[in-house]
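Q: I have a new model open on my screen and I'd like to learn how to read it. Can you walk me through it?

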Amino acid sequence: MKAIEKLIGKRVIVRCNRAGVFYGTLSEKEGQEVELKDCRRIWYWDGAASLSQLAAEGTTAPSNCKFTVSVESIILTEAIEIIPCTDKAIKSIEAVREWKR
């Protein structure tokens with residue numbers, strides 16, 4: 001089994017080349033194209049030094065984070081990093097209030 005196949009159906013953080021950072025359930029991946037379900041854009045985060053720490057531990061400053069509303073699905077065409085999230089991080093990320101105006 002390829003490493004990426006183990007992540008299908010799991011909550012991940014995806015960093016893209018020019019589109020930003022996203023959190024959601026990995027549905028499909030082909031080349032650099034990724035489909036996420038039930039996802040949010042991570043516009044700004046605080047309380048973690050890096051995306052790796054955010055995926056491993058979540059945020060210690062949820063009120064300072066700017067994570068957008070959830071969308072049913074999104075296709076990202078230039079994914080350059082896919083980081084699996086731990087249960088602790090999932091709980092933390094999903095507890096961040098939706099950032100909207």
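What follows is a short talk through the fold, the surface and a few residues.

A: Before we start, this is a predicted model, where local features need pLDDT of at least 70, side-chain atom pairs count only at pLDDT 80 or more, and totals for chains, interfaces and linings use all residues. Residues are numbered from 1 along each chain as its sequence is written, and side-chain values use heavy atoms, with hydrogens and water left out.

Q: How many helices and strands does the protein chain have, and what pattern do they follow?

A: Helices (H or I, at least four residues) and strands (E, at least two) are DSSP runs, numbered from the N terminus. Here you get two helices and six strands, and along the sequence they run β-β-β-α-β-β-β-α. The radius of gyration is 13 Å, close to the 13 Å that the globule rule gives for 101 residues, so the chain is as compact as a globular protein of that length. That radius is taken over C-alpha atoms, and the rule is 2.2 Å times the number of residues to the power 0.38.

Q: What share of the residues is buried?

A: Buried means under 20% relative accessible area, exposed means over 50%, and partly exposed is in between (1.4 Å probe, protein chains only). In this chain, 39% of the 101 residues are buried.

Q: Which residues of helix H2 are buried, and what covers them?

A: H2 spans residues 87–95, and Ala89, Ile90, Ser92 and Ile93 are buried there. Their cover includes E1, strand E2 (20–30), strand E3 (33–44), H1 and E4. Contact here means heavy atoms within 4.5 Å.

Q: Where is Thr59, and is it buried or exposed?

A: Look in the loop between helix H1 (51–57) and strand E4 (66–67) for Thr59. Its relative accessibility is 9%, so Thr59 counts as buried. Leaving aside neighbours within four places in sequence, Thr59 is in contact with Asp46, Gly47, Leu54, Cys65, Ser92 and Val96. Ser92, you'll recall, is one of the buried residues of H2.

Q: Which backbone nitrogen does the side chain of Thr59 reach?

A: A polar contact is a pair of N or O atoms within 3.5 Å; within protein, one must be able to donate a hydrogen and the other to accept it, and residues adjacent in sequence count only if both atoms are side-chain atoms. The Thr59 side chain reaches the backbone nitrogen of Ala61 at 2.9 Å.

Q: And where does Glu5 sit?

A: Glu5 is in the segment before strand E1 (11–16). With a relative accessible area of 41%, Glu5 is partly exposed.
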